[in-house]
Amino acid sequence: GFADEKTAAQLQIAAGAPIIRVSRLCTADGKPAIYCEDLIAKALVKEDYSISDFNLPIFHFLQQFCGVSAYLDLTDLKPIVADAALSELLQIPVGSPLLHMDEVDYDIDGTPVFCSREYFVDGIFRHTVLRKKL
C-alpha cells in the first residue's frame, strides 16, 4: 500500500510512499475482540521477507528485517463507534462502542519505526493506567 497523509506524518515519510500494512484480528473465546493494523515504511526493510515473517509480533520483524528496535511509543486513546467496515470485521452492530488506540513507536533516537491502529471491542478488556512520579 501507500501512505496516506496521516500515516506519512506519523512515520515522517512522504505521502504516497510505499508502506507495509499488517492486519490482525484477535479473538476471545472465538469472538472477534481486537482489530489491529501495523504500518511500516517499506524503505525501512533491508531484506526479502514473506507473509509468514509477520506471524510473530511486529517487533521481531522490525529487528530482523529492518535492523531497528522500538524504544518507546506514544499512544492516543479515544472512544469511537464502529463504522460499517469495523462492524463487519468485529461482527458487532454499526455504532457499537470501541476503544481506539492510535500508536506511533520510536527508536532510541526518536525516529518513528512503525505506527499501529488498534480497535478493542467493549466489555472484553480492562484498561488500567499507572502513573508514577520519578
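## A chat about strands, rings and salt bridges

Q: Where does this predicted model have a hairpin?
A: In this predicted model, strands β1 and β2 form a hairpin with 2 residues between them, and Asp-29, which sits in the turn, has a positive phi of about 55°.

Q: And how many bridges hold those two together?
A: β1 and β2 pair in the antiparallel sense over 10 bridges, and within that pairing Leu-25 stands opposite Tyr-35 in β2.

Q: What sheet do they belong to, and in what order do the strands come?
A: They belong to an open sheet of 5 strands with antiparallel pairing, and the order is β1-β2-β5-β4-β3. The edge strands, each pairing on one side only, are β1 (19-28) and β3 (72-81). Neighbouring strands of this sheet are turned by 15° against each other on average, with direction ignored.

Q: What about β2 and β5, how many bridges there?
A: Strand β2, residues 31-41, is joined to strand β5, residues 112-121, by 6 bridges, and the two run antiparallel. Across this pairing, Leu-39 stands opposite Cys-115 in β5.

Q: Switching to aromatics, how many pairs are there?
A: A search of the whole structure finds 7 aromatic pairs. In one of them, the rings of Tyr-35 and Tyr-119 have centres 6.3 Å apart and planes at 25°, so the pair counts as stacked. This pair links distant parts of the chain, since Tyr-35 lies in strand β2 and Tyr-119 in strand β5, 84 residues apart.

Q: Are those two tyrosines buried or exposed?
A: Both Tyr-35 and Tyr-119 are buried.

Q: Why is the pair Phe-61 and Phe-65 called stacked?
A: Their ring centres are 4.9 Å apart and their planes are at 20°, so the pair is stacked, because planes under 30 degrees apart count as stacked. Both residues lie in helix α2 (residues 58-66), 4 residues apart, which is about one turn of the helix, and both are buried. Ring pairs also link Phe-61 and Phe-65 with Tyr-49 and Phe-54 into a cluster.

Q: OK, charges now: how many salt bridges?
A: The count comes to 4 salt bridges. In general, side chains of opposite charge can pair when their charged atoms come close. One of the salt bridges joins Lys-6 and Asp-102, with the closest N and O atoms 2.7 Å apart. That pair links distant parts of the chain, with Lys-6 in helix α1 (residues 5-11) and Asp-102 in strand β4, 96 residues apart. Lys-6, Asp-102 and Arg-117 are linked in a network of salt bridges.

Q: Last one: which residues make the nonpolar surface patch?
A: Tyr-71, Leu-72 and Ile-108 make a patch of about 340 Å². Ile-108 lies in the loop between β4 (97-106) and β5, and at 61% relative accessibility Ile-108 counts as exposed.

Terms used: Residues numbered from 1 in each chain as written. Predicted model: local features only at pLDDT ≥ 70, side-chain atom pairs only at ≥ 80, totals over all residues. Heavy atoms only, no water. Pairing = 2+ DSSP bridges. Axes fitted to C-alpha atoms, helices over the stretch in contact; angles between N-to-C directions. Phe/Tyr/Trp six-rings, centres within 6.5 Å; stacked < 30°, edge-to-face > 60°. Buried < 20%, exposed > 50% of the residue type's maximum accessible area, 1.4 Å probe, protein only. Patch = residues over 30% accessible without salt bridge, like charges linked within 9 Å, V, L, I, M, F, W, Y side chains within 5 Å. Areas by Shrake-Rupley, 256 points an atom, 1.4 Å probe, with all protein chains shown as cover. Salt bridge = Lys/Arg side-chain N within 4 Å of Asp/Glu carboxyl O.
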